[in-house]
Amino acid sequence: MIYYIDKDKLEYFTFGGTSSDSFNFIIMENDNLSGFENDFELISVPGRTGDLIVNNNRKKNKEINISAYVDLEGLGDAKTVARNINNWLTGSVSYRPLIFSDDLVKYEAIVIGKVDIKEVIEGLLEISFKFNCKPSEVV
């Protein structure tokens with residue numbers, strides 16, 4: 001496939017120690033830079049002006065949606081690559097380290113829901129999936 005930008009400058013992520021680069025991911029959309037939501041409740045108290053804030057002193061998990069293409073060049077046939085990607089992303093039901101090349105936050109994440117993979121043209125897969133993340137540390 002011919003690239004019109006330097007392939008080494010494409011965004012990537014590392015999940016469970018494996019880089020999306022190893023599967024020739026071309027990330028089209030992700031929302032990893034949105035922040036975590038504070039976990040608190042607002043309780044309306046009769047006779048009181050303004051809601052009572054109950055702070056749970058934590059951040060809620062956030063979901064990160066990924067939409068990408070996979071260039072099959074040098075990887076093998078579509079069915080084998082799709083199986084390998086699915087095993088990489090959903091092979092373990094536990095939090096695993098997740099790091100994005102354009103983010104200062106390191107996450108612990110798990111893929112939720114299904115991984116949608118389809119071959120849009122010969123040699124090119126389209127993939128979408130969702131991470132559920134908690135912050136691990138800020139670099």
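The charged end of Lys62 sits over the ring of Phe36, 4.9 Å from its centre; a charge sits over a ring if NZ of Lys or CZ of Arg is within 6 Å of the ring centre and within 35 degrees of the ring normal. The charged end of Lys134 is likewise placed over the ring of Tyr95, 4.5 Å from its centre. This is a predicted model, in which local features need pLDDT of at least 70 and side-chain atom pairs count only at pLDDT 80 or more, while totals for chains, interfaces and linings use all residues. Residues are numbered from 1 along each chain as its sequence is written, and side-chain values use heavy atoms, with hydrogens and water left out.

**Aromatic pairs and cluster**

- A search of the whole structure finds twelve aromatic pairs; rings of Phe, Tyr and Trp (its six-membered ring) pair if their centres lie within 6.5 Å, and planes under 30 degrees apart count as stacked, over 60 as edge-to-face and the rest as tilted.
- Phe13 and Phe25 form an edge-to-face pair, 5.7 Å centre to centre with 90 degrees between the planes.
- This pair links distant parts of the chain, with Phe13 in strand 1 (residues 13-15) and Phe25 in strand 3, twelve residues apart; helices (H or I, at least four residues) and strands (E, at least two) are DSSP runs, numbered from the N terminus.
- Phe13 and Phe25 are both buried; buried means under 20% relative accessible area, exposed over 50%, and partly exposed in between (1.4 Å probe, protein chains only).
- The rings of Phe13 and Phe100 have their centres 5.8 Å apart and their planes at 45 degrees, so this pair is tilted.
- Because Phe13 lies in strand 1 and Phe100 in strand 7 (residues 96-100), the pair ties together parts that are 87 residues apart in sequence.
- The relative accessible area of Phe13 is 0%, and Phe100 counts as buried at 2% relative accessibility.
- One aromatic cluster is formed by Phe13, Phe15, Phe23, Phe25, Phe36, Trp88, Phe100, Tyr107, Phe129 and Phe131.

**Salt bridges**

- Side chains of opposite charge can pair when their charged atoms come close.
- The count comes to five salt bridges, a salt bridge being a side-chain nitrogen of Lys or Arg within 4 Å of a carboxyl oxygen of Asp or Glu.
- Asp39 forms a salt bridge with Arg58, and their closest N and O atoms are 2.6 Å apart.
- Asp39 lies in strand 4 (residues 38-43) and Arg58 in strand 5, so this pair ties together parts that are 19 residues apart in sequence.
- Asp39 is buried, with a relative accessible area of 11%, whereas Arg58 counts as partly exposed at 46% relative accessibility.
- Glu63 forms a salt bridge with Lys130, with the closest N and O atoms 3.5 Å apart.
- Glu63 belongs to strand 6 and Lys130 to strand 9 (residues 124-138), so the pair ties together parts that are 67 residues apart in sequence.
- Glu63 is partly exposed at 37% relative accessibility, and Lys130 is partly exposed at 28%.
- Asp116 forms a salt bridge with Lys114, the closest N and O atoms being 3.4 Å apart.
- Asp116 counts as partly exposed at 35% relative accessibility, whereas Lys114 is exposed, with a relative accessible area of 62%.

**Asp71 and its surroundings**

- Asp71 is found in strand 6 (residues 62-71) and counts as buried at 3% relative accessibility.
- A polar atom of the Asp71 side chain lies 3.0 Å from the backbone nitrogen of Glu73.
- Asp71 and Phe23 are 48 residues apart in sequence and 7.6 Å apart in space, C-alpha to C-alpha.

**Positive phi angles**

- Asn24 is not a glycine, yet has a positive phi of about 55 degrees.
- Asn24 is placed in the loop between strand 2 (18-19) and strand 3 (25-30), and at 12% relative accessibility Asn24 counts as buried.
- Asn57 also has a positive phi of about 55 degrees although it is not a glycine.
- Asn57 is located in strand 5 and counts as exposed at 66% relative accessibility.

**Nonpolar surface patch**

- Phe40, Leu42 and Ile53 form a nonpolar patch on the surface, with about 320 Å² of accessible area together.
- Patches are made of residues with over 30% relative accessible area and no salt bridge; like charges are joined within 9 Å, and nonpolar side chains (Val, Leu, Ile, Met, Phe, Trp, Tyr) within 5 Å.
- Accessible areas come from the Shrake-Rupley method with a 1.4 Å probe, and for residues only the protein chains shown count as cover.
- Ile53 lies in strand 5 (residues 52-59) and counts as exposed at 57% relative accessibility.

Terms used:
Polar contact = N/O pair within 3.5 Å; in protein donor to acceptor, adjacent residues only side chain to side chain.
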